[in-house]
Structure formats: C-alpha cells, structure tokens
Amino acid sequence: MHWEQVFNPSRPLTSTSREDVRSQFQRDFDRLIFSGPFRRLQNKTQVFPLPGSVFVHNRLTHSLEVASVGRSIGHQAAQLILASDATAPKVLAEAGAVVAAACLAHDMGNPPFGHSGEEAISSFFAGGDGKIFKNMVDEWEWNDLQAFEGNANALRLLTHRFAGRREGGFNLTFATLGALVKYPWPSTLRPGKAKYGFFKTEAKTWSRIATETGLPQHEPDQNKYARHPLVYLVEAADDISYLIMDVEDAHKLRILETEQTEQLLRAFLHPELDQHALAYLDRTYTEVTDTNERIAFLRATVINTLVQRAAGIFAAHAGQLLQGDPMPPLVNMLDSHYTQAFDTCRKLSVEKIYRHPSVVKIELTGFNVLGTLLGEFSHAILNPKSAYNKKLLSLIPAQFQTDEGSTYHQLRAIIDFLSGMTDLYAMQLYRDLKGISSFDS
C-alpha cells in the first residue's frame with residue numbers, strides 16, 4: 001500500500017459537484033452529519049437508558065465525541081509522520097478529516113437498544129423462532145443472519161441503493177469507507193464470536209473499496225483483506241471514548257462515587273511521562289471546586305493523553321501498517337501503565353456499569369421489543385397474502401421494499417427497517433401491534 005491510494009478521494013459514483021472550499025473528506029463528514037440516519041442516533045441507546053433528569057450519552061453524542069477524538073488522533077499521527085519522514089506525501093495532512101468522518105459513521109448501522117439490539121436480532125435466528133429460515137438460505141446468508149453485525153450494517157446503510165434512493169448510497173469517498181470497516185472479512189470467516197465487516201449483499205462493494213484503496217488480500221479465495229491503516233485510528237478513538245465516557249456517565253448517575261471515579265481516571269496518567277498533565281490538574285483543582293467540572297477536566301486530560309500516546313504508536317508503526325501486516329489495537333500496544341488502567345476500568349465497568357439494573361432493564365426491553373417485531377415481520381413474508389400480514393407488511397416504508405425474490409433479501413430488507421428504528425419508535429410499534437395503550441402502566 002501507499003498513502004496516496006490509502007487516501008483515495010474518489011467516490012463510487014462520479015461526482016460532478018461544483019468547486020468547493022472543502023476537501024472531499026470534509027464533504028463526507030458534512031454529508032453524514034446532515035443525514036436522517038445520523039440524526040436518529042439521538043434516540044438510540046448507548047449504554048444507559050435514554051436520559052430523564054440526568055443527561056447521559058446516546059449514540060449521537062457518543063459518535064460526535066468519537067469523531068472529535070478521531071480528528072485529534074488522526075491529525076497528531078499525521079504530524080508525527082510528516083515531521084519524521086521527508087518523503088511522506090502531503091495528503092497525510094487529511095488524516096484527521098478521514099478518521100473523523102469514519103468515526104462519525106461507525107455506529108450508524110447499530111439497531112435500537114444498544115448492543116442488546118444486535119444480540120436480539122442474532123438470537124432470533126440462532127436460537128429462536130427464526131431457525132425456520134435456515135433451510136431457506138445458503139451458508140453465508142445464514143451466518144449473516146444468526147450473527148447480526150452493526151459494523152457490516154453500517155457499510156450497507158452507507159453504500160446500498162435503497163428503493164427510491166440514488167445509486168451508491170451516501171456516495172462517500174473510498175478512503176472514508178475503507179477506514180470505516182474494522183473487520184475486512186465476511187461472516188463465514190468469523191472464528192467463535194468474532195466480528196466481521198460486510199454482509200454477502202455488500203461483498204462486491206467491499207471488494208471494490210479494498211481495490212480502490214490498495215488493500216492487499218490475505219486470503220484471496222475467501223474475501224479476507226488487510227485492514228485499511230486508518231482503521232486503527234478509528235478503533236482507538238472509539239476505544240478511548242466509550243470507556244472513559246461510560247465512567248463519567250456512571251458518576252453522573254451516582255453509580256460510581258466521586259473518589260472512585262477520580263481514582264479510575266487518574267490511574268491513566270503516568271507519574272513520570274505525564275507530569276505536565278498531572279501538574280495542570282492540580283492547578284485546576286485549586287481553582288475549580290464543582291465536582292462535575294473537576295471530573296470533566298480529569299476526563300479531558302486523560303483523553304488528550306491517550307490520544308497523544310496512541311498517535312505516537314501509529315506513527316512508529318506506519319511502515320508496518322502500509323505493508324498490511326496485522327497489528328493489535330493501538331490501545332493494547334500502549335505502555336503497560338496505560339493498559340493496566342484500561343483493564344482495571346473495563347473490569348469495574350462490567351461489574352458496576354454494564355450489569356447495573358438500569359442497563360439490564362433496557363437490554364431486556366430490547367430483546368422483547370426487537371425479538372417480537374422481527375418475529376412478526378419475518379414470518380409475514382412466508383404468507384404475505386393473508387389479511388393480517390398484508391397490513392403488517394404495508395407498514396414497511398417504501399425505501400425498504402425489495403424486488404429481490406430470495407428469502408435472504410426479504411429478511412435483509414426487514415432487518416434494514418428494524419435496525420434503522422429509534423428506541424422510541426420501536427417501542428411504540430411494539431405497543432401498537434400488541435394493542436397496548438401508551439397510557440397503560
């Protein structure tokens with residue numbers, strides 16, 4: 001690989017737009033942020049139930065923050081490479097823009113109710129009533145269905161031509177699309193419960209993206225490719241953001257005490273390498289007495305520190321990344337002081353945050369609501385002419401209708417419809433189908 005091809009600014013559908021002061025990658029960012037699917041993220045669960053009296057993160061605010069961190073880490077990494085390598089092309093200066101756009105889109109394929117939404121869809125096919133479809137689809141298609149993957153769904157959302165829409169979907173640059181796909185292989189190659197990057201329906205689309213950005217194939221006969229180098233920065237931005245912000249949300253909701261929160265976050269700062277950051281915090285604490293503001297300063301300092309460290313690792317391994325050699329996530333390659341802080345934070349998050357009753361309840365809601373809706377709509381395609389099913393299928397918007405006759409394509413269209421829903425819309429449709437009044441307790 002070489003940087004000029006990695007940063008390919010071309011689009012699947014040739015653009016004839018007039019002259020623009022924005023770069024192609026900045027246009028990607030703007031195209032995403034003004035889109036309907038992105039706005040709907042404001043009503044999709046991140047971890048905690050959607051806010052009541054205390055505001056916590058939803059998918060939209062999470063995506064905006066990841067994009068902000070991604071822009072910083074991309075810019076920092078590019079500056080380090082350009083400063084150390086006189087032959088590095090100037091296009092590297094666009095790293096922040098590409099990474100920010102890919103970060104902005106990274107959760108757009110996620111269904112309502114957070115990760116439990118993904119599990120609900122997968123469980124319906126793998127162990128629920130959806131097993132009746134197993135003999136109606138091929139092996140690849142069944143792997144897609146029984147292991148719903150938000151990453152693969154994001155690529156589909158951004159590139160698929162839905163009914164009545166233009167060819168090429170969002171028609172983003174190949175560089176942004178390449179940086180979005182964290183797992184460049186199909187569901188047929190996922191060992192155990194590993195993630196994957198594209199459904200069977202997008203296999204040709206991904207092959208073109210990989211070709212246009214110069215990604216080498218690791219297993220040519222099985223659609224397995226090397227990762228796009230900028231994927232590592234997108235992944236790092238997400239890894240840094242979600243864990244740190246979940247801790248801050250847990251503090252706001254009083255799941256974590258202030259002292260414990262401060263200990264968790266301060267543990268990320270190295271007593272020697274981060275002396276300047278620690279001194280800055282101490283000075284700030286003498287001036288700021290508001291508890292939430294103190295935690296916010298601490299959180300910002302930690303994120304800034306991790307951005308610098310991860311960017312340095314990326315720059316140091318730039319040559320290896322261009323060779324397409326597999327590497328672990330950047331946060332796993334940090335100094336042991338930082339990785340230990342990550343491990344401690346993850347362990348406590350599992351124990352006190354992700355198993356908190358409020359989180360478990362929204363997960364159970366997701367299983368019931370999405371499982372029921374998927375059962376209703378998927379079974380309707382088996383007998384579409386019955387009076388009830390005809391009315392039910394008429395609720396699917398025109399853009400999700402398909403002329404493809406195969407069972408897999410019909411199921412894919414139903415999943416497109418359900419995964420695009422907000423939490424509130426899914427719950428309301430569930431109530432409507434069950435005849436439950438919104439005023440019932």
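The model is predicted, so local features require pLDDT of at least 70 and side-chain atom pairs count only at pLDDT 80 or more, whereas totals for chains, interfaces and linings use all residues. Residues are numbered from 1 along each chain as its sequence is written, and side-chain values use heavy atoms, with hydrogens and water left out.

**Helix α14**

Select residues 291-316, which form helix α14. Helices are DSSP runs of H or I with at least four residues, numbered from the N terminus. The 26 residues of α14 should span 38 Å, and the C-alpha atoms at its ends do lie 38 Å apart; the expected span is 1.5 Å times one less than the number of residues. At the start of α14, select D290: one of its side-chain oxygens comes within 3.2 Å of the backbone nitrogen of N292.

**Salt bridges**

A salt bridge is a side-chain nitrogen of Lys or Arg within 4 Å of a carboxyl oxygen of Asp or Glu. D274 belongs to the loop between α12 (258-266) and α13 (275-287), 35 residues from R309. D274 is buried, at 4% relative accessible area, while R309 is partly exposed, at 25%. Here buried means under 20% relative accessible area, exposed over 50%, and partly exposed in between (1.4 Å probe, protein chains only).

Next select D107 and R59, whose side chains meet in a salt bridge of 2.5 Å, N to O. D107 is in the loop between α5 (95-105) and α6, and R59 is in helix α4 (residues 59-84), 48 residues apart. D107 is buried at 6%, and R59 is buried at 2%.

Then select D416 and R156, a salt bridge with its closest N and O atoms 2.8 Å apart. This pair links helix α19 (residues 407-419) with helix α8 (residues 150-159), across 260 residues. The model's count is 15 salt bridges.

**Cysteines**

Select C103 and C345. Their sulfurs are 19 Å apart, too far for a bond. C103 is buried at 0% relative accessibility, and C345 is likewise buried at 0%. The count of disulfides (pairs of cysteine sulfur atoms within 2.5 Å) is zero.

**A last stop**

Finally, select M136, in the loop between α6 (114-126) and α7 (139-146). M136 is partly exposed, at 38% relative accessibility.

Conventions:
Helix = DSSP H or I, 4+ residues; strand = E, 2+ residues; numbered from the N terminus. Polar contact = N/O pair within 3.5 Å; in protein donor to acceptor, adjacent residues only side chain to side chain.
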